[in-house]
Amino acid sequence: MSFNNALTPAQRLYLDIYGYVLIENVLTRDEIDLLLETTYEIEAQFKATGECPYPASHFSGTTNEFFRVDNLPHIAPCYFDYVTHPRLVAMAEEITGGVVRLEQSDAHIRRPVTDPDNPKKYGFHRGINPGFNYTRNGLYHFTFIKTLTNLTDLEPGDGGTTVIPGTHKISDEVDQQAIVQAALEDPRLIHEVAAPAGSTLVFFEALLHASGIIRSDKDRVLILGGYTPTMFQTWNGYDPDPDFVQSLSDEHRALLTGERKYGWERTLRTL
Ligand SMILES: O=C(O)CCC(=O)C(=O)O
């Protein structure tokens with residue numbers, strides 16, 4: 001794996017300041033189409049049979065408005081290629097500051113919420129305590145990062161991921177609901193992704209983030225990988241299938257299993 005500046009200085013600075021950075025043209029049109037086709041096929045198969053495509057995988061959402069399949073690498077080669085994408089993994093390594101493992105992976109289909117009595121609200125959240133950060137060479141690093149790629153074009157109002165910029169540096173001593181309430185009072189504090197399909201939102205998981213609200217009539221489809229240093233565990237329900245990983249190269253097996261654990265090879269990044 002090459003560690004050499006997967007992010008440009010401008011991207012790294014943007015990420016440090018805002019907690020996220022959007023990178024266009026990460027996936028090719030063919031990669032996008034295959035990921036879309038695979039995700040819709042899994043949904044169609046679920047609707048027809050109720051079946052999950054792989055025993056180690058699961059669903060976190062099975063409604064028309066939110067379909068989500070989790071623990072992807074075993075399900076289809078295109079999912080495997082996404083979570084092991086060398087450029088995305090290299091970004092994750094720069095941002096955590098060392099060799100990473102895959103911690104989580106999921107693909108989502110979101111559709112407009114149609115119930116007028118139950119309008120959609122932002123569900124801002126973060127997964128782990130923002131205290132799991134450190135500074136090296138003056139740059140902010142965090143131990144859990146996500147690479148979220150939209151597989152459909154997103155214009156404003158299409159429900160792109162929404163973030164409260166800068167909150168990756170706000171400690172959990174500040175009440176989360178108070179942060180969200182304050183941000184909602186000033187639209188400058190809410191950023192919504194609008195970008196062509198194949199663009200990746202890279203963010204520190206401590207950044208308060210939420211699904212956007214779809215105000216158009218379009219589906220929004222995305223795929224994401226979560227990465228942590230190798231000594232961390234997977235999120236619940238995302239352990240790799242032990243038989244599957246035996247068929248992989250050493251490098252890919254280590255990425256999925258985190259088997260290097262505390263032999264944490266560090267990366268050095270300056271702006
Ligand atoms: O739907 C989205 O854009 C956000 C996904 C999300 O909330 C997450 O990754 O935790």
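This is a predicted model: local features need pLDDT of at least 70, side-chain atom pairs count only at pLDDT 80 or more; totals for chains, interfaces and linings use all residues.

Me: In which order do the three strands of the open sheet lie?
Reply: The three strands pair in the antiparallel sense, where strands are DSSP runs of E of at least two residues, helices are runs of H or I of at least four, and both are numbered from the N terminus. Two strands count as paired if DSSP finds at least two bridges between them. The edge strands, each pairing on one side only, are β9 (191-192) and β11. The order is β9-β8-β11.

Me: Which residue of β11 is the bridge partner of Thr162?
Reply: Strand β8 (residues 162-163) runs antiparallel to β11, and two bridges join them. In β11, the partner of Thr162 is Ala210.

Me: Which elements give two or more residues to the shell around the ligand?
Reply: A residue is near a molecule if its C-beta atom, placed from the backbone, lies within 6 Å of it. The ligand is surrounded by His108, Lys146, Thr161, His209, Ala210, Ser211, Leu222 and Leu224. Two or more of the shell residues come from each of β11 (209-210) and β12.

Me: How many residues of the shell around the ligand are nonpolar, polar and charged?
Reply: Ala, Val, Leu, Ile, Met, Phe, Trp, Tyr, Cys and Pro count as nonpolar, Asp, Glu, Lys and Arg as charged, and the others, Gly among them, as polar. By this division the shell holds three nonpolar, four polar and one charged.

Me: In which order do the seven strands of the open sheet lie, and by what angle are neighbours turned?
Reply: The pairing is antiparallel, in the order β1-β10-β7-β12-β4-β3-β2. Its edge strands are β1 (20-23) and β2 (58-62). Axes are lines fitted to C-alpha atoms, for helices over the stretch in contact, and angles run from 0 to 180 degrees between N-to-C directions. With direction ignored, neighbouring strands of this sheet are turned against each other on average by 15°.

Me: What angle does the direction of helix α4 make with that of β7?
Reply: Helix α4 (residues 86-96) packs on the sheet, touching β4, β7 (145-150), β10 (200-204) and β12. Contact requires C-beta atoms, placed from the backbone, within 7 Å. The direction of α4 makes with that of β7 an angle of about 145°.

Me: How many residues of β4 are buried?
Reply: Strand β4 (residues 100-110) pairs antiparallel with strand β3 (residues 66-70) over five bridges, and ten bridges join β4 to the antiparallel strand β12 (residues 220-229). A residue is buried if 20 or more other C-beta atoms, placed from the backbone, lie within 10 Å of its own, exposed if 12 or fewer, and partly exposed in between. Strand β4 is mostly covered, its buried residues numbering eleven of eleven.

Me: Which residues of helix α7 are buried?
Reply: The cover over the buried residues of helix α7 includes α4, β4 and α6 (242-246). After α7 comes Gly258, with a positive phi near 70°. Within α7 (residues 250-257), the buried residues are Ala254, Leu255 and Leu256.

Me: What percentage of contacts between residues at least 6 apart in sequence join residues at least 24 apart?
Reply: The protein has seven helices and twelve strands, and buried residues make up 40% of its 271 residues. Among contacts between residues at least 6 apart in sequence, the share joining residues at least 24 apart is 82%.

How values were computed: Residues are numbered from 1 along each chain as its sequence is written. Two residues are in contact if their C-beta atoms, placed from the backbone, lie within 7 Å.
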